Amino acid sequence: MISMKSICDWAGSNPSQRKFIEGERVYKAGHIIKCGKSEQLQNGYTMTFTAVCLQTSNLRDNPHEINGQVSSDGKILNCSCSCKAGLGEKCKHIIAALLYCYQKGDALETLSCTYKKCEWKKVHKTALDNYNPARLLQHSCFTEGVKNHKLINAKVGRHEPIVSKETSKITEAEKETIKAIFEYQYNELMETISNLRVDVVNDCCLTTLNQLSANLQDVCEKTKDVYTHWMRERHSRIAGSICYALYTYTQSNRSDNEWSKKFINTYAPKDFKSDILEHARVTEDEARNAFRNIINAEIVEVGLVISKLNPWLAYSPDEVLMKNKKPVALLEIKCPIVGKTADISATVNSQMKKCLYYGQVQMGMDVLNLNLTYFVIYASFDKKLFYLRVQRDNVFIAKMLMALKKVYFKYKLHVICFEKGNCDKIEAGQAA
């Protein structure tokens with residue numbers, strides 16, 4: 001019904017900006033206590049939705065009421081919220097409601113025309129039960145040593161601080177895979193790249209690199225499920241999907257201004273084709289299951305894998321193939337939109353000229369220290385797939401990563417320092 005692209009376009013922001021992050025926090029905190037669509041389409045093509053959201057600053061006051069209209073093709077037409085910021089149609093409560101609709105998709109509840117007037121107060125009361133004060137002795141801070149304190153007579157006290165926690169859906173098998181990935185990640189080529197000297201590193205850059213190196217296994221687990229966390233971590237690094245485009249740009253002499261624009265356009269692309277991404281999102285599970293039927297290995301999905309030795313490099317594999325609890329190969333799945341109306345032969349022909357995929361999987365194999373990638377192309381039209389076994393090419397990888405390190409450290413790293421508050425300004429010619 002609603003795509004992530006339409007939410008970003010309507011809100012005038014991307015998932016890494018403050019307004020979007022705050023909206024996601026409201027959604028993940030469970031403050032959207034009711035949300036649903038109208039019983040019938042208006043004018044045959046417009047769907048209206050209504051949501052009720054707790055007031056963050058005053059939970060027990062009347063909740064905010066959000067209303068919106070969406071066209072049949074998923075375009076957001078208008079939204080409003082009863083909060084003060086809602087007059088501008090872009091408040092965090094509206095974004096939270098839109099994220100709720102996006103997650104529910106076609107399963108979004110249908111509300112009766114009388115729902116708002118007769119039911120929302122009951123839902124509000126039920127939601128507030130989670131915030132009722134607890135007895136002091138129910139708090140973990142009251143250990144055995146203070147149980148005899150005079151406060152023992154106090155019947156009711158405050159809750160421990162209510163913190164919005166990101167609930168991980170990661171399985172134990174996925175956790176073991178991630179642990180194994182980092183255990184086997186080391187390779188000599190990555191050490192060579194790490195030792196490659198660059199002359200543009202300041203003290204703030206070293207601080208930033210240390211920050212980028214922290215808690216890599218935890219980052220990999222969190223980025224599997226939380227999209228905004230994945231976006232934030234990826235924004236600070238060169239990822240597999242952009243490495244080849246940056247590498248080919250190094251083949252000619254470029255001015256500082258050209259490199260600045262290149263990094264800006266690479267990390268904030270203008271051409272965001274939602275129909276392509278939505279098709280890939282819907283059909284990727286089909287492709288994954290079809291591949292499982294022909295391969296004798298465990299296939300596990302993980303989050304963003306960051307290089308220990310070069311934390312400015314990161315890769316998001318579609319899947320990792322495991323044998324005997326050890327990663328043995330990457331799985332990269334492509335579900336081109338042409339495969340929606342064309343058979344597998346025509347779909348494969350449409351993809352074979354895209355060399356950027358070669359750079360992508362080569363970098364992935366180096367980050368995870370693997371020698372093989374199964375590159376899968378899937379056509380939903382005839383439910384068939386084609387796959388290539390791509391071998392690791394260390395000569396190509398070395399050339400690409402050496403070139404990328406030079407431009408990243410010169411034009412991108414200091415920008416990350418500034419964004420993380422490790423320096424006070426961005427130097428001239430760098431990608432702001």
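Which residues does Thr283 touch, not counting residues up to four places away in sequence? Select Thr283 and look around its side chain: the contacts, meaning heavy atoms within 4.5 Å, are with Cys335, Tyr378 and Ser380.

Before going further, note that this is a predicted model, in which local features need pLDDT of at least 70 and side-chain atom pairs count only at pLDDT 80 or more, while totals for chains, interfaces and linings use all residues. Residues are numbered from 1 along each chain as its sequence is written, and side-chain values use heavy atoms, with hydrogens and water left out.

**Stop 1: around Thr283**

Thr283 is found in helix H12 (residues 274-292); helices (H or I, at least four residues) and strands (E, at least two) are DSSP runs, numbered from the N terminus. With a relative accessible area of 4%, Thr283 is buried, where buried means under 20% relative accessible area, exposed over 50% and partly exposed in between, for a 1.4 Å probe and protein chains only.

**Stop 2**

Next, select strand E11 (residues 372-379), which is largely enclosed by the rest of the structure because eight of its eight residues are buried. In a regular strand the side chains alternate between the two faces of the sheet. In E11, Leu372, Tyr374, Val376 and Tyr378 point one way, Thr373, Phe375, Ile377 and Ala379 point the other way, and all are buried.

Strands of a sheet pair through backbone hydrogen bonds, either parallel or antiparallel, and two strands count as paired here if DSSP finds at least two bridges between them. Strand E10 (residues 326-334) runs parallel to E11 and is joined to it by five bridges, with Ile377 as the bridge partner of Lys334. Strand E12 (residues 384-391) runs antiparallel to E11, the two being joined by eight bridges, and here Ile377 has Phe386 as its bridge partner. Follow the chain through the hairpin of E11 and E12, which has four residues between the strands, and stop at Lys383, which takes a positive phi near 60°.

**Stop 3: the four-stranded sheet**

Which strands make up the open sheet with the order E1-E2-E3-E4 can be seen by selecting those four, whose pairing is antiparallel. Strand E1 (32-37) and strand E4 (76-81) stand at the edges with a single partner strand each, so one side of each is left without a neighbour in the sheet. From one strand to the next, the twist averages 15°. Strand E2 (residues 46-53) and strand E3 (residues 64-71) run antiparallel and are joined by eight bridges, and Cys53 stands opposite His64 in E3. Helix H3 packs on the sheet and touches E1, E2, E3 and E4, its direction making about 60° with that of E1; axes are lines fitted to C-alpha atoms, for helices over the stretch in contact, and angles run from 0 to 180 degrees between N-to-C directions.

**Stop 4: the cysteines**

A disulfide is a pair of cysteine sulfur atoms within 2.5 Å, and by this rule the count comes to zero disulfides. For Cys53, the nearest cysteine sulfur is that of Cys81, 7.0 Å away, and Cys53 counts as buried at 0% relative accessibility. For Cys79, the nearest cysteine sulfur is that of Cys101, 8.5 Å away, and Cys79 counts as buried at 2% relative accessibility.

**Stop 5: the aromatic rings**

Rings of Phe, Tyr and Trp (its six-membered ring) pair if their centres lie within 6.5 Å, and planes under 30 degrees apart count as stacked, over 60 as edge-to-face and the rest as tilted; by this rule the count comes to 17 aromatic pairs. Among them, Tyr27 and Tyr100 are edge-to-face, 6.3 Å centre to centre with 85° between the planes. This pair links distant parts of the chain, since Tyr27 lies in helix H2 (residues 18-28) and Tyr100 in helix H3 (residues 92-104), 73 residues apart. Tyr27 is partly exposed at 23%, whereas Tyr100 counts as buried at 19% relative accessibility.

Finally, select Tyr249, Trp259, Phe263, Tyr267 and Tyr411, which ring pairs link into a cluster. A charge sits over a ring if NZ of Lys or CZ of Arg is within 6 Å of the ring centre and within 35 degrees of the ring normal. Lys262 lies over the face of Tyr249, 4.8 Å from the ring centre, and the charged end of Lys412 sits over the ring of Tyr267, 4.0 Å from its centre.
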